[in-house]
Amino acid sequence: MLLFSKNKNSWGYVFRYGFLEIDQESFEIIAGGMLEFNLLSEVERNAATN
């Protein structure tokens with residue numbers, strides 16, 4: 001769970017005002033998801049070209 005988003009039903013509301021500071025744990029969750037997505041995309045691209 002991302003700590004800066006208190007309400008699961010309206011989690012995107014905090015992004016309406018532009019920049020916001022997030023805690024380290026939330027940052028690591030987001031970064032980990034982005035890195036995993038990029039790694040999977042790279043594997044799929046390599047499989048398609050071979």
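This is a predicted model: local features need pLDDT of at least 70, side-chain atom pairs count only at pLDDT 80 or more; totals for chains, interfaces and linings use all residues.
The chain has 1 helix and 0 strands, and of its 50 residues 8% count as buried. The points below take the overall dimensions before turning to individual residues.

**Overall dimensions**

- The radius of gyration of the protein chain is 15 Å, whereas a compact globule of 50 residues would have a value near 10 Å.
- Taken along the principal axes, the box filled by the C-alpha atoms of the protein chain is roughly 45 × 20 × 20 Å.
- Y17 and A31 stand 14 residues apart along the chain, and their C-alpha atoms are separated by 21 Å.

**A buried serine in the helix**

- S26 is placed in helix 1, the helix that spans residues 24-49.
- Because its relative accessible area is 0%, and buried means under 20%, S26 counts as buried.
- When its neighbours within four places in sequence are left aside, S26 is in contact with L2, L3 and F4.

**The aromatic pair**

- The structure holds 1 aromatic pair, and this pair is formed by the rings of Y13 and Y17, whose centres lie 6.1 Å apart.
- The planes of the Y13 and Y17 rings stand at 85 degrees to each other, and because planes over 60 degrees apart count as edge-to-face, the pair is assigned to that class.
- Y17 is located in the segment before helix 1, and its relative accessibility of 61% is the reason why Y17 counts as exposed, the cut-off being over 50%.
- Y13, the partner of Y17 in the pair, has a relative accessibility of 43% and therefore counts as partly exposed.

**A nonpolar surface patch**

- W11, F15 and L20 together make a nonpolar surface patch of about 320 Å².
- F15, one of the residues that make this patch, lies in the segment before helix 1.
- With a relative accessibility of 43%, F15 falls between the limits of 20% and 50%, and so F15 counts as partly exposed.

Methods:
Residues are numbered from 1 along each chain as its sequence is written. Side-chain values use heavy atoms; hydrogens and water are left out. Patches are made of residues with over 30% relative accessible area and no salt bridge: like charges are joined within 9 Å, nonpolar side chains (Val, Leu, Ile, Met, Phe, Trp, Tyr) within 5 Å. Accessible areas come from the Shrake-Rupley method with a 1.4 Å probe; for residues, only the protein chains shown count as cover. A salt bridge is a side-chain nitrogen of Lys or Arg within 4 Å of a carboxyl oxygen of Asp or Glu. Helices (H or I, at least four residues) and strands (E, at least two) are DSSP runs, numbered from the N terminus. Buried means under 20% relative accessible area, exposed over 50%, partly exposed in between (1.4 Å probe, protein chains only). Rings of Phe, Tyr and Trp (its six-membered ring) pair if their centres lie within 6.5 Å; planes under 30 degrees apart count as stacked, over 60 as edge-to-face and the rest as tilted. The radius of gyration is taken over C-alpha atoms; the globule rule is 2.2 Å times the number of residues to the power 0.38. Contact means heavy atoms within 4.5 Å.
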